[in-house]
Amino acid sequence: TMLTPNMHYSELKDSYLFNTIYRKTAEYQSSHPDKKIYRMGVGDVSRPLCDAVIKALHTAVDDQATMEHFHGYMPESGAPELRKAISEYYRRFSVSVSADEVFVSSGACDDLGDVLELFDKDNTVLVIEPAYPEYVDTNILCGRKVIHLDSGEENGFLPLPSEEIQADIIYICSPNNPTGAAYDREKLRKWVDYANRNGAVILYDAAYEVFIEDPDIPHSIFEIPGAKTCAIEICSLSKTAGFTGTRLGYTVVPKALERMGMKLNTMWARNRETRTNGISYILQKGASAVFTKEGLEQIQKNIRVYKENARVLMDAFERIGIWYCGGRNSPYVWLKCPDDMGGWEFFDYLLNEIQVVGIPGEGFGACGKGYFRFSAFGDPEDTKEAANRLCKLLGR
Ligand code: PLP
């Protein structure tokens, strides 16, 4: 016999976009060593963890040094205190989820991939584009059929369902990466109703929930009536509390979510028992500190800085008169490249003229062509300087 590798790997697009951004930026820097480059594309946070988290992490490390407080394996689905703290966090949004509907993860990325083990390979997946690339790639790898729903300026990058769409698994990311667009309750309800009518399951990526400020934008899909029978919510402390390098997230699988007599909550608990030995005690202690009164206050300090960066970018595009969305309930600003420039043309123009780097929209799906993503996760002074340079270059 001959081993057959997973041939679906050959169907993945390579990381052309990010590699090309990296290469072009590095080439420019080496030929212009005296120029400072403003990296406004990066989707990673730049500010440190808050005090409450750092203290809790230190204490937890010291716990591991003593007979009395040492911890070995943690429960696969998460420490009961942390699951409870997260379920209480949901009360802020008037959502009632129980601690055993909350599963602690090592980040949204991990669970977005792993959660697919709940579904048959013959299901069809709907990805609303432009989108975070993982949704498509993880499904290609298990050979699932992926259909794309394009969005655009005409619907504010927030497309709605239509009965022609035939999909079993639907990804919704709101506030969205890369467009920053966010569904309001009325629009999100249309997706929930569609899913309940058609027996589909929504995988709701709420990674940017903490950036929401408008009262008509839901923080959780479970704010929508009926969502508990059709949705799984995947969230993370990465952007909420600067955990991109620390790693902790959570996934909510409601007990009311059932298909063909199978309870997805029970299946997921069983999946965790098989697929993980739990998340580090130390990290769960650090994460628990986020959900204290003190922690929830402290994390707002960084969020305010990022939101101010987003405002600086939005102001610049207002002044220039460029179409954009996002920035308000999101750390991303998504704009139309001026003068019908293509994404790469605009990228080169900004790099060469003003040393500002962003991301061409086509990296997030074909319908992102001609658009561009800027991020608000950078340094405030650099963001202001980049915004000034954009205004000078593109102002008319
Ligand atoms: N989902 C979206 C939409 C993201 O943009 C990201 C990270 O950038 C993730 C998930 C992954 O987050 P995590 O760091 O929790 O794995």
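This is a predicted model: local features need pLDDT of at least 70, side-chain atom pairs count only at pLDDT 80 or more; totals for chains, interfaces and linings use all residues.

Trainee: What's the strand order in the open sheet?

Mentor: The order is 2-8-7-6-5-3-4, seven strands with mixed pairing. Strands (E, at least two residues) and helices (H or I, at least four) are DSSP runs, numbered from the N terminus. Two strands pair if DSSP finds at least two bridges between them.

Trainee: Which strands are at the edges?

Mentor: Strand 2 (102–105) and strand 4 (145–150), each pairing on one side only. From one strand to the next, the twist averages 20°. Axes are lines fitted to C-alpha atoms, for helices over the stretch in contact, and angles run from 0 to 180 degrees between N-to-C directions.

Trainee: Strands 3 and 5: parallel or antiparallel?

Mentor: Parallel, over 3 bridges, with strand 3 at residues 124–129 and strand 5 at 169–173. V125 sits opposite I169 there.

Trainee: New topic. At what angle do helix 10 and helix 12 cross?

Mentor: Roughly 5°, and the axes of helix 10 (293–320) and helix 12 (380–394) come within 9 Å. The two helices are therefore roughly parallel; that label covers angles under 35 degrees.

Trainee: Which residues meet there?

Mentor: Among them, V305, L313 and F317 of helix 10, and A387, L390 and L394 of helix 12. Contact means heavy atoms within 4.5 Å. The contact residues divide into 11 nonpolar, 2 polar and 2 charged. Nonpolar means Ala, Val, Leu, Ile, Met, Phe, Trp, Tyr, Cys and Pro; charged means Asp, Glu, Lys and Arg; the others, Gly among them, are polar.

Trainee: And how many residues surround the ligand?

Mentor: 15, and the closest are A108, D205, Y208, S236 and S238. The cut-off is a heavy atom within 4 Å. A side-chain N or O atom of Y208 is 2.6 Å from a ligand oxygen. For S236, a side-chain N or O atom is also 2.6 Å from a ligand oxygen.

Trainee: Where are the cis peptide bonds?

Mentor: One joins E129 and P130, with omega about 0°. Another runs from S174 to P175, with omega near -5°. P130 is in the loop between strand 3 and helix 5 (134–141).

Technical notes. Residues are numbered from 1 along each chain as its sequence is written. Side-chain values use heavy atoms; hydrogens and water are left out. Angles under 35 degrees count as roughly parallel, over 145 as roughly antiparallel, 65 to 115 as roughly perpendicular and the rest as oblique. A polar contact is a pair of N or O atoms within 3.5 Å; within protein, one must be able to donate a hydrogen and the other to accept it, and residues adjacent in sequence count only if both atoms are side-chain atoms.
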